[in-house]
Amino acid sequence: MSQGEIIAGLLAPHPPHLVFGENPQQNEPRSKGGWEQLRWAYERARANLEAMKPDVLLVHSPHWITQQGHHFLGVEHLSGKSVDPIFPNIFRYDFELEVDVELAEACCEQAADMGLTSKMMRNPNFRVDYGTITTLHMMRPQWDIPVVGISANNSPYFLSTEEGLEEMDVLGKATRKAIEATGRRAVLLASNTLCHYHFSKEPIPPEDMSQEHPENFEGYLWDMRMIELLREGKIQEVFRLLPQFIDEAFAEVKSGAFTWMFSAMDYPELPGELHGYGTVIGTGNAVMEWNLIKAGLAKAA
Amino acid sequence: MSVVSAFLIPGSPLPYVQRDNPPWGAMADALDKAGTALAASKPDVIAIYSTQWIAVLDQLWQVRANPTGLHVDENWHEYGELPFDMRTDTELAEAAIAATDSYGIRSKGVDYDQFPVDTGTIVASNFLDPESQFKSVVTANNLYHDWTITENLGRVVREQAERLGRRVALVGVGGLSGSFFRQVIDIADDHIANADEDAWNQRILAMMEKGDIAALADACADFAQQARAEMGFKHFAYLLGGMGGDFNGAIVHHYGALYGTGGAVVEFQL
């Protein structure tokens, strides 16, 4: 078995509105569209993913919150109907996915070896969270690539932001080692919004784009500053600013996916490809890609 | 009198899914006792506010006539499933939704097949009404609602129940102190993770036992902050609003640890 490698990482936010706007067969509610800039951004990301031919997609979701450790989906086949508890009017999605249990177990064991509390989720009746499902649908609506789902341990909220993100850094390193050891060609998906200030009322209809704009100007400015740095590949500077960004823009990256992904990729000072930016109920969302094949840091299939 | 009984209970699934662990079994026994007391108060409806049903847009109310399903807790999945089979008092829920406007709260009903009913609501329903004798009204914890708004939710339930002639058992579902063990522990040795928080829990429960509402009003904000009480202890705000800001005392059926956090089964004397 050849050594596995991470071939790309993507910032892949999970507003269920994007699925709602697309009207896929799996989602029960129907819309007249909406959030096109972000959906078109995902179309570009989908095309690149197709070309990469990964063995597995790993997604870290802030909507699978766990207190005791970092959990990994550990059932080969999971299916059901995911109804978003916050937006049940727009997201009622029939999902069916295959889990790369061998890799998930390797990640779990490696995390434990590196001092983290970790646990496999073995219950076949478990309902996969809507963040994981939305990100996976937007990246790969065919659902034909196995996945590893990782929970968001709430350490950045229970401890300090810095202490919590240190754990996510360790989780990233553990993930990389597991991928290398199992020979997988893996794509990482950080399911995070940037600025997370949002409106408290929903437009009627929800897809009325005349109502959509950044909720908070300072938060928007922060998003633009961070995206510029990411586009320039100034990753070290991004992580220097990250705690302040989280604090001042109420950024969802606090939950850890962004740090996990960059840690797993060893924080490459590599310009990210911005596929698009847009707001969803006022929050800031960017779809961005760090393609390690194009950068010569990973092998093509 | 519309409110005939009121209870504060923890929403952790551990007493339900792992009753044979002595520390959690004691909590389960206390929840059974609360269920017996609730039934004795002969309510028409159980009105639940659960900290674990999180909302961020609007105040959500369950209006599906018969929410049923099988839930797996996102953290404690290894202990098995939580089945639920509830019957909603849709008339009272709709009345509450309409009435919140007058308190400046925008509300919305949820009526969806397989809507993810939260662990706390299921634990409350299964322990306090194991035979599914009573209808329920269930409302969410909007993260952006403060103590006063949450008190008003309880008040709305009380007022609308009175208007419709319902006898209501109020149930606030949530924990006391919030520090938990982040690592795997020997569950037979579960205990409150932080001594200062333990002291805070006992102080708050003593105030409840005495019915010292003035002292509670002074202490709750500090308790919430210093003991990391679950969700700002808003489940008690809901109860206080629903009880009209008054009760005579309380019986603490049990106080104990749930993986380091504090939990108590409290029956208020009205």
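At 42% relative accessibility, Asp111(B) of this predicted model counts as partly exposed, where buried means under 20% relative accessible area, exposed over 50% and partly exposed in between (1.4 Å probe, protein chains only). Its partner in a salt bridge is Arg64(B), with the closest N and O atoms 2.7 Å apart; the term stands for a side-chain nitrogen of Lys or Arg within 4 Å of a carboxyl oxygen of Asp or Glu. The pair links distant parts of chain B, 47 residues apart: Arg64(B) sits in the loop between β3 (59–62) and β4 (68–71), and Asp111(B) in the loop between β6 (107–110) and α4 (119–128). Helices (H or I, at least four residues) and strands (E, at least two) are DSSP runs, numbered from the N terminus. Arg64(B) is likewise partly exposed, with a relative accessible area of 27%. Elsewhere, salt bridges that share partners join Glu202(A), Asp58(B), Arg106(B) and Lys108(B) into one network.

Residues are numbered from 1 along each chain as its sequence is written, while chains are lettered from A and ligands numbered from 1 in the order in which they are written. As the model is predicted, local features need pLDDT of at least 70 and side-chain atom pairs count only at pLDDT 80 or more, whereas totals for chains, interfaces and linings use all residues; side-chain values use heavy atoms, with hydrogens and water left out.

Over all chains, the structure holds 25 salt bridges. One of them joins the side chains of Glu102(A) and Arg184(A), at 3.1 Å from N to O. Glu102(A) lies in helix α3 (residues 101–113) of chain A and Arg184(A) in the loop between α6 (161–182) and β8 (185–190) of chain A, so this pair ties together parts that are 82 residues apart in sequence. Glu102(A) is partly exposed, with a relative accessible area of 47%, and Arg184(A) is buried at 14%. Arg140(A) and Asp144(A) also meet in a salt bridge, at 2.7 Å from N to O. Here Arg140(A) counts as buried at 11% relative accessibility, and Asp144(A) as partly exposed at 46%.

Turning to helix packing, α3(A) and α6(A) pack at an angle of about 135°, with their axes 8 Å apart. Axes are lines fitted to C-alpha atoms, for helices over the stretch in contact, and angles run from 0 to 180 degrees between N-to-C directions. That angle makes α3(A) oblique to α6(A); angles under 35 degrees count as roughly parallel, over 145 as roughly antiparallel, 65 to 115 as roughly perpendicular and the rest as oblique. The contact (heavy atoms within 4.5 Å) involves, among others, Glu102(A) and Leu103(A) of α3(A) and Leu171(A) and Thr175(A) of α6(A).

Helix α6(A) also packs against helix α9 (residues 257–264) of chain A, their axes coming within 7 Å and crossing at roughly 40°. This makes α6(A) oblique to α9(A). Residues making the contact include Leu171(A) and Thr175(A) of α6(A), together with Thr259(A), Trp260(A), Ser263(A) and Ala264(A) of α9(A).

In chain B, Ala199(B) has its place in helix α6 (residues 195–210) and is partly exposed, with a relative accessible area of 36%. Ala199(B) and Ile149(B) are 50 residues apart in sequence and 28 Å apart in space, C-alpha to C-alpha.
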